[in-house]
Amino acid sequence: FEQLDVSAIVSRYLPAGTPRVDVLAALREQPGARIIEDSPATLIVRDDQGKAMLDPDARSVVMTFTFDGAGKLAQVQAVHLKHQ
């Protein structure tokens, strides 16, 4: 898989300081998004964009959201994975 850092793109839509509830609401609107890990400090989401991982054109984005003690978004790490 080819990996591209797309953190800056995701941060445009969900900037630092966004409340956790707003992040969850935005992700629930995405039909391909699936929550992998949900803890008070971290939320990991995978968006398979409707493609099976064995598909020759398989693509997904794995996003890790880190929250501060007040429940505000502190950091976003996002990687676009594409089958080569």
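Q: Hi! How many residues link β2 to β3 in their hairpin?
A: Three: the hairpin runs from β2 to β3 through 3 residues. Strands here are DSSP runs of E with at least two residues, while helices are H or I runs of at least four, numbered from the N terminus. This is a predicted model, where local features need pLDDT of at least 70, side-chain atom pairs count only at pLDDT 80 or more, and totals for chains, interfaces and linings use all residues. Residues are numbered from 1 along each chain as its sequence is written, and side-chain values use heavy atoms, with hydrogens and water left out.

Q: Got it. In which sense do β2 and β3 pair?
A: Antiparallel, over 5 bridges. Two strands pair if DSSP finds at least two bridges between them. One example is R34, whose bridge partner in β3 is R46.

Q: And what's in the loop between those two strands?
A: A41 is in that loop. A41 is partly exposed, at 38% relative accessible area (buried is under 20%, exposed over 50%, partly exposed in between, using a 1.4 Å probe and protein chains only). Leaving out residues up to four places away in sequence, A41 touches F65, T66 and F67, where contact means heavy atoms within 4.5 Å. A41 and G71 are 30 residues apart in sequence, but their C-alpha atoms are 7.8 Å apart.

Q: Back to β3. Is it enclosed or open, and why?
A: Largely enclosed by the rest of the structure, because 6 of its 6 residues are buried. T42, I44 and R46 point one way, L43, V45 and D47 the other.

Q: Nice. What does β3 do with β4?
A: β3 and β4 pair antiparallel over 6 bridges. T42, for instance, stands opposite T66 in β4.

Q: How many bridges join β4 to β5?
A: There are 9, and those strands also run antiparallel. V61 has H80 in β5 as its bridge partner. β4 and β5 form a hairpin with 5 residues between them, and G71 in the turn has a positive phi of about 80°.

Q: Switching topic: how many salt bridges are there?
A: The structure holds 1, counting a side-chain nitrogen of Lys or Arg within 4 Å of a carboxyl oxygen of Asp or Glu. D38 and R20 form it, with N to O at 2.2 Å. D38 belongs to β2 (residues 33-38) and R20 to helix α2 (residues 20-28), so the pair ties together parts 18 residues apart in sequence.

Q: Are those two, D38 and R20, buried or exposed?
A: D38 is partly exposed at 49%, whereas R20 is buried at 16%. The charged end of R20 also sits over the ring of F67, 4.7 Å from its centre (the rule is NZ of Lys or CZ of Arg within 6 Å of the ring centre and within 35 degrees of the ring normal).

Q: Last one: which residues touch the most others in the largest nonpolar core?
A: V23, L27, L43, M63, F65 and L73, out of 15 residues. Such a core is a set of buried Ala, Val, Leu, Ile, Met, Phe, Trp, Tyr and Cys joined through side-chain atoms within 4.5 Å. Elements giving two or more residues are α2, β3, β4 and β5, and the largest share, 4 residues, is from β4. As for L43, its contacts beyond four places in sequence include V23, L27, M63 and F65.
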